[in-house]
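Subject: Structure for you to look at

Hello,

Here is the structure I said I would hand over. Please look through it first, and then read the notes below.

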Amino acid sequence: MLNYIVYYSFSQSEISSSELEGILRKAREWNEAHEITGLLIYRFNKVFRRGNFLQIIEGPKKSILSAWERISNDPRHHTITVLEDGQFQDRNFSAWSMGLKNLNTETLNEVPGFININNDEFWSNPNNLKPTALELLKKFYDMG
Ligand SMILES: Cc1cc2nc3c(=O)[nH]c(=O)nc-3n(C[C@H](O)[C@H](O)[C@H](O)COP(=O)(O)O)c2cc1C
């Protein structure tokens, strides 16, 4: 059994591409060493003038607890909301020690089934994301 956490956050400020790369570099190194896989989505929210992160981590329980400590204590977050946690039988993001989708630098006209993907209001309320967050993350994984 693998544990997983899906969370959503606002960042303290806008996150540049180079800062995102820095986060990713550290995350991948640590995750690889601790058998964690997952995906991180970043999107700048014009309504709040903050970034939104949506991330899943999956792995052994002990690793998930330590990774969660690292992630939730990172001062780049402003507000964090856990959307879902639980257990998987098998990995869902096995190919990525931490994948990244930066929705600001990709031309995303539509994601089938997610008509609100480009909508700031939708991204402004974690309750909107909660029912489909895992499905959305999986869809991005499948899109490669
Ligand atoms: C959006 C975001 C995602 C992160 N994802 C991970 C992650 O998947 N794994 C991890 O170990 N740390 C993650 N972190 C934590 C940072 O990489 C942070 O640099 C780390 O906790 C500090 O490590 P250090 O004490 O070695 O500098 C994340 C931080 C942020 C802001």
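A residue is called buried here if 20 or more other C-beta atoms lie within 10 Å of its own, exposed if 12 or fewer, and partly exposed in between, with C-beta atoms placed from the backbone. Helices (H or I, at least four residues) and strands (E, at least two) are DSSP runs, numbered from the N terminus. The model is predicted: local features need pLDDT of at least 70, side-chain atom pairs count only at pLDDT 80 or more, and totals for chains, interfaces and linings use all residues. Residue numbers start from 1 along each chain as its sequence is written.

Helix α2

Which residues of α2 are buried? They are Ile-64, Ala-67 and Ile-71. Seen down the axis of α2, the buried residues fall within an arc of 70° (the arc of the directions from the helix axis to the C-beta atoms), so they line one face of the helix. On the face turned away from that buried side, α2 carries the exposed residues Lys-62, Leu-65 and Glu-69. The buried residues of α2 pack against β1 (2-11), α1 (17-33) and β3 (50-59), where contact means that two C-beta atoms, placed from the backbone, lie within 7 Å.

The expected span of a helix is 1.5 Å times one less than its number of residues. For the 12 residues of α2 (residues 61-72) this should give 16 Å, and the end C-alpha atoms are 16 Å apart, which agrees.

The strands

Two strands count as paired if DSSP finds at least two bridges between them. β1 is joined to strand β4 (residues 77-88) by 10 bridges, and the two run antiparallel. β1 is also joined to β3, again antiparallel, by eight bridges. Asn-3 has a bridge partner on each side: Gln-87 in β4 and Gly-59 in β3. Tyr-8 stands opposite Leu-54 in β3.

Eight of the 10 residues of β1 are buried, so β1 is largely enclosed by the rest of the structure. β3 is mostly covered, with 10 of its 10 residues buried.

Strand β2 (residues 37-45) pairs with β3 in the antiparallel sense over nine bridges. Asn-45 stands opposite Arg-50 in β3. The hairpin of β2 and β3 has four residues between the strands.

The ligand

How many residues surround the ligand? There are 16, and the closest are Lys-26, Ala-27, Trp-30, Arg-70 and Asp-74; a residue is counted if its C-beta atom, placed from the backbone, lies within 6 Å of the molecule. The elements that give two or more residues to this shell are α1, β3 and α2. The largest share, five residues, comes from α1. By class, the shell has nine nonpolar, three polar and four charged residues. Ala, Val, Leu, Ile, Met, Phe, Trp, Tyr, Cys and Pro count as nonpolar, Asp, Glu, Lys and Arg as charged, and the others, Gly among them, as polar.

Residues in loops

Arg-49 is found in the loop between β2 and β3, and its phi is near 55°, a positive value in a residue other than glycine. With 10 C-beta neighbours inside 10 Å, Arg-49 counts as exposed. Glu-35 is placed in the loop between α1 and β2. Glu-35 is not a glycine either, yet it has a positive phi of about 60°. Is Glu-35 buried, exposed or partly exposed? Glu-35 is partly exposed, with 15 other C-beta atoms within 10 Å.

Asp-90 is in the loop between β4 and β5 (99-102), and is exposed, with 8 other C-beta atoms within 10 Å. Asp-90 and Lys-130 are 40 residues apart in sequence and 22 Å apart in space, C-alpha to C-alpha. Asn-119 is in the loop between β5 and α3 (120-123). Asn-119 is exposed, with 12 other C-beta atoms within 10 Å. From Asn-119 to Tyr-141 there are 22 residues in sequence and 21 Å in space, C-alpha to C-alpha.

Regards
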